[in-house]
Amino acid sequence: MTAGSPDDTGSRLLTAWRGEVLATKVYALIAQRLPDRQANLVRQIAQVEDGHRQRLEGRMHELGVAVPDQDSVRVGPWLRLQARVAPVDRLLASREAAEQGDVDDVYGRPTGDPVTDGLFAEIREQEQSHESTMRELRRGSKDSPVPAGRPEQAGATRARARLDRILGRETWHQRGGSWISDAIYGANDGLASVFGIVAGVSGATGGSSFVLTAGLSAAIASALSMGTGAFLASRSEAEVVAANVQRERQEIVEHPEEEREELSLFYQVKGIDEATADQLAATIAQHPEAMLQALSAEELGVTQAGTGNPAQSALAATVSTGLGAIIPVIPFMFMTGTPAIIAAAVVSLVAHFLVGAAKSLVTLRSWWSAGLEMTLAGAIVGGATYLVGLVLPT
């Protein structure tokens, strides 16, 4: 097919259409994990993407290009899992990079059809306007523009500008990641550290039964160390949130008018008209604890469910680190000598690959490249420590 041919134009429209459908679905998954204010922004971006889809479908109908069912565009299992467990800032950065790639590759090249090229140029401009919104969501900056192309959001934009002037004077700590990412990194740390110890002691002792003693001791120490560290970190996070909530409580007492306006603006950003939002805020302000809960939920993303559970974080870190750490030791529970060393190296490197692939849920890298990288790192660490063990006096 040559550039500018009807088939080429239809193919480009279909590629763009699939990209918009996929983006809409991924943004919808991300929005489910965010506090109301940020979720509202992401949903607005998803609505703009859906508007692009509709405009592309209109042009496809005009050219006689068959429009597939939206269900034919699926969010793959791995991408869906990433959207549910990966850090939100990395998800948004990944989507921003994907959007920019589509802008350059799909919308940036002329098709030879003036009408389609004009449509692509308009969509490209709106796609580029998403970057500032993404930066606001990822970095928590004061600027939080509403995506272009939605005139009905003018009132929400004005409310957001006023709200940002208030929030610009306040600094809040963001809540940490999920226990799932902590568990993945715990398994990684336990596996990597104990594999190095097992390899080094194996080199020094020729794979004697002492490797089992050293490996089990290292595995238990690693698991307990990670568990206590996770517990203390989660408690510190809860203390920071509690301090922020207490600060908000003080603000309600000292500046009740400003806090009521702030709550009203949060509701206006959601699309509620100013009069109704003011009335809601005034009603809630009559009950200080309800006012505190509402502002904490909107501004901090803190609900009555609270922050992470320190005991849950400690348990996840302890168990995951222990499971990762015990893998290199298992062969020495049944054998010694060279067979045990070889078996430990094989199972440990396989485990390195699996843990590396699991880490891609958090880092958003390709699972196989993350797995191979982790395997290579494990091989280097294990080989180096084994050689060191060979030259150590016994």
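Predicted model: local features only at pLDDT ≥ 70, side-chain atom pairs only at ≥ 80, totals over all residues.

Student: OK. Where does Ser313 sit, and what does Ser313 touch?
Tutor: Ser313 is in helix 12, which covers residues 310–326. Leaving aside residues up to four places away in sequence, Ser313 touches Ala230 and Ser234. A contact here means heavy atoms within 4.5 Å.

Student: How many helices and strands are there in the protein?
Tutor: There are 14 helices and zero strands. Both are DSSP runs numbered from the N terminus: helices are H or I with at least four residues, strands are E with at least two.

Student: And how much of the protein is buried?
Tutor: Of the 394 residues, 43% are buried. The protein exposes about 19400 Å², and carbon and sulfur atoms supply 60% of that. Those areas come from the Shrake-Rupley method with a 1.4 Å probe, and for residues only the protein chains shown count as cover.

Student: Switching topic, which residues touch the most others in the largest nonpolar core?
Tutor: That core has 18 residues, and Tyr27, Ile30, Leu34, Val42, Val88 and Leu91 touch the most other members. Helix 1 (6–31), helix 2 (36–63) and helix 4 (88–107) each give two or more residues to this core, and helix 1 gives the most, with six. Apart from it lies another core of 14 residues, including Val241, Ala277, Met291 and Leu295. A nonpolar core is a set of buried Ala, Val, Leu, Ile, Met, Phe, Trp, Tyr and Cys residues joined through side-chain atoms within 4.5 Å.

Student: I clicked on Ala31 in helix 1. Buried or exposed?
Tutor: Ala31 is buried, because its relative accessible area is 2%. Not counting residues up to four places away in sequence, Ala31 touches Ala39, Val42 and Arg43.

Student: What about cavities, how many are there?
Tutor: Two of 30 Å³ or more. On a 1 Å grid over the protein atoms alone, a cavity is a set of points where a 1.4 Å probe fits but cannot get out, while a pocket is an open set with protein on both sides within 12 Å along at least five of seven lines; lining residues have an atom within 4 Å of a point. Points are joined across faces, edges and corners, and a volume is the space filled by probe spheres set on them.

Student: What lines the largest cavity?
Tutor: Among the lining residues are Thr15, Glu20, Glu49, Glu99, Asp102 and Glu127. Helix 1 and helix 4 each supply at least two lining residues. The lining divides into five nonpolar, two polar and five charged residues. For those classes, Ala, Val, Leu, Ile, Met, Phe, Trp, Tyr, Cys and Pro count as nonpolar, Asp, Glu, Lys and Arg as charged, and the others, Gly among them, as polar.

Student: And how many charged residues line the second largest pocket?
Tutor: None: that lining has 10 nonpolar, four polar and no charged residues. The volume of the second largest pocket is about 170 Å³. Of its 14 lining residues, Phe195, Ala199, Ile341, Ala345 and Gly382 lie nearest the centre. Helix 14 gives the most to this lining, with five residues.

Student: Last one: where is Leu364?
Tutor: Leu364 is in the loop between helix 13 and helix 14. Its phi is near 65°, a positive value in a residue other than glycine.

How values were computed: Residues numbered from 1 in each chain as written. Heavy atoms only, no water. Buried < 20%, exposed > 50% of the residue type's maximum accessible area, 1.4 Å probe, protein only.
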